[in-house]
Amino acid sequence: MRVLGIHDAFDAGAALVIDGELRAAVNEERLNREKNFHEQRGRLFGILPAIKKSAYPRLSIERVLEMEGLQKSDIDAIVLPHARPSEFLTSIPAKFFRSQFGRAILNLPLIGALCSLYWMNKRQLLRSTFKQLREHGFSTDKVHFIGHHHSHASGAYRTSGWDDALVIVADLEGDLTSTTVWRARGNDLELLDETMFPFASMGAFYGNATASIGFRKHVDECKVMGLAAYGDPKCLEEIEHGLTWDEERSRLISKKPLSFKRFVAELAVGYEKKDVASSAQHRLEEVLVPFVEYWMQKTGCHRVCYGGGVAHNVIANQRLQEIPSIEGLHIFPHAGDGGLACGAALEHWYQHAEERGSSVSYELQDAYLGPEYGEDAIRAALEKYKLPLNHSDSIGDELGALLADGHVCGIYQGRMEIGPRALGNRSIVSSPTGSGPKDKVNNKVKFREAWRPFALSCLAECQDEYLMDATAANFMLLGFQVVPEKLEEVRSAAHVDGSTRPQTVSASANPRYHAAISAFREHTGVGGILNTSLNRRGEPICCTPEDAIECFLGSDMDAIILGDYLLTKKDVSKDQLTEFEALEKDVAVTA
């Protein structure tokens, strides 16, 4: 059975599941170069948000089909990660009363208005998507629905390799739900608990703190996480009004669900931005950890699958790893809304798995599920830009030597990663030793704030040497403290608090990347390198060879590997270099 998942809203994309495995996935932003490609919105009566057109991911759909050599007629089912519009007038209002009866009674007009607004917008979104599906040549008779949180939960569980797990989804909101708890046994995902938006949302809490600092809500939460390490939680007591774990009632609550956005904006005026960031980060951790502990104790299950946008908060994930009773933590590498197409397609397949004799999840080994452009495409791109064809039979050795000499290099090879983390196929890398490499990459390659951290790509066989309480971390979503004695060796790939979000690189998962890091180790004795995504500020991660070449020409990277071709700045004339104008503007933040 071939299942096509389509996400048609924020960070739209498509995914293909065949015989229970995720085979191909890509987000539209990587192909159309519009970062976080999302639905078109307007204002109803000049006030209320109103969807005009869905973010139909036409290019993504065509690309995943092409990757597997399929035609539109080969698809057995199309799955969208949405509740049906009718549910916003029936079952979703009922959920408010089941999950938060007291607040629901006190806020009947608000709930009615929210459900009506979402019904109107969901209906318009799906009308737009169905119209574009038909225009694209698909039959809408094949369309099925899996709810937003159900899709997140499936992406987390169905790729874990486990047949028994607790599943947590923490989001801003989806289908008017912000947090859900699931019990996974075999092929079944049972919903145990849900918290409705806006009465207590981890994602909304952190997003409002993000906006109060001057960053973009829903987009720049990663900046708040990075900035938090420079501050102190000086307004922690005040910010607690935004999110609380009520131990007595075992509920997530917010004392200011409707006014917290204004409250934290006013609060931020009296504090430094780094201290607001620190307070928000501490509060998220103080709520998330006991929430997960409670559900582990209640269910007796200590293996946790975790999804939703909040799952990209690596520092909070580090606190989850430190829970004494936790036996395993699996996070889908595309945990946010960009991965909804993956989860929806997986869930539809597994809901029909028993009739095909398969009822367990599978273990996702790597995140290299995006498009690949081979040697012919790379050669054509180099010729297009009138650049030399410097082929190498020992590309890993050459890259290792360049890094050992202090150069900043791009890596463009193989299939593109899914999710927001570059994992060695669309990366910018350098030596991690000292602070110089970090400053150069931030200032002259990424063109971003100097205080933002980078990650460590560490050889799997060296993980115990560099990481405290090390475990495999394939997807750069887990946090660890660096072994103190090794901190200076990897200073540029560690944060100011001595933590890092590593990728442990095995020869089986990415042999070419592993070989390059191994070559660097032979030159320097250091078993890891600094890694960040191959893009400049404001751009999506590079997808095509042309994207990678333009990124190289428009920044101060010293060299770039394109498949088996090596391109250095010595190979480029001055008139081939491009002047880069930042697509994003810095927010004035003092770290």
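How many bridges join strand E1 to strand E6, and in which sense do the two run? Before I answer, a word on the model: it is predicted, with local features needing pLDDT of at least 70 and side-chain atom pairs counting only at pLDDT 80 or more, while totals for chains, interfaces and linings use all residues. Residues are numbered from 1 along each chain as its sequence is written, and side-chain values use heavy atoms, with hydrogens and water left out.

To the question, then: E1 and E6, the latter being residues 77-80, run parallel and are joined by three bridges, with Gly-5 standing opposite Val-79 of E6. Strands here are DSSP runs of E of at least two residues, helices are runs of H or I of at least four, and both are numbered from the N terminus; two strands pair if DSSP finds at least two bridges between them. E1 also pairs with strand E2, residues 13-18, in the antiparallel sense and over six bridges, and there Leu-16 of E2 is the bridge partner of Leu-4. Five residues lie between the strands of this hairpin, and Asp-11 takes a positive phi near 60°. E1 itself, residues 2-7, is mostly covered, since five of its six residues are buried, where buried means under 20% relative accessible area, exposed over 50% and partly exposed in between, with a 1.4 Å probe and protein chains only.

Arg-23 counts as partly exposed because its relative accessibility is 31%. Leaving aside neighbours within four places in sequence, Arg-23 is in contact with Leu-16, Ile-18, Glu-68, Leu-369 and Arg-415, contact meaning heavy atoms within 4.5 Å. Val-64 is 41 residues from Arg-23 in sequence, yet the C-alpha to C-alpha separation is 8.5 Å.

Next, the helices. Helix H2, residues 58-67, packs with helix H5, residues 108-136, at an angle of about 45° and with the axes 12 Å apart. The contact is made by Arg-58, Ile-61 and Glu-62 of H2 together with Gln-132, Glu-135 and His-136 of H5.

Finally, helix H12, residues 314-321, is largely enclosed by the rest of the structure, because six of its eight residues are buried, namely Val-314, Ile-315, Ala-316, Asn-317, Gln-318 and Leu-320. The elements against which these buried residues pack include helix H8 (221-228), helix H11 (273-299) and strand E13 (303-307).

Terms used: Axes are lines fitted to C-alpha atoms, for helices over the stretch in contact, and angles run from 0 to 180 degrees between N-to-C directions.
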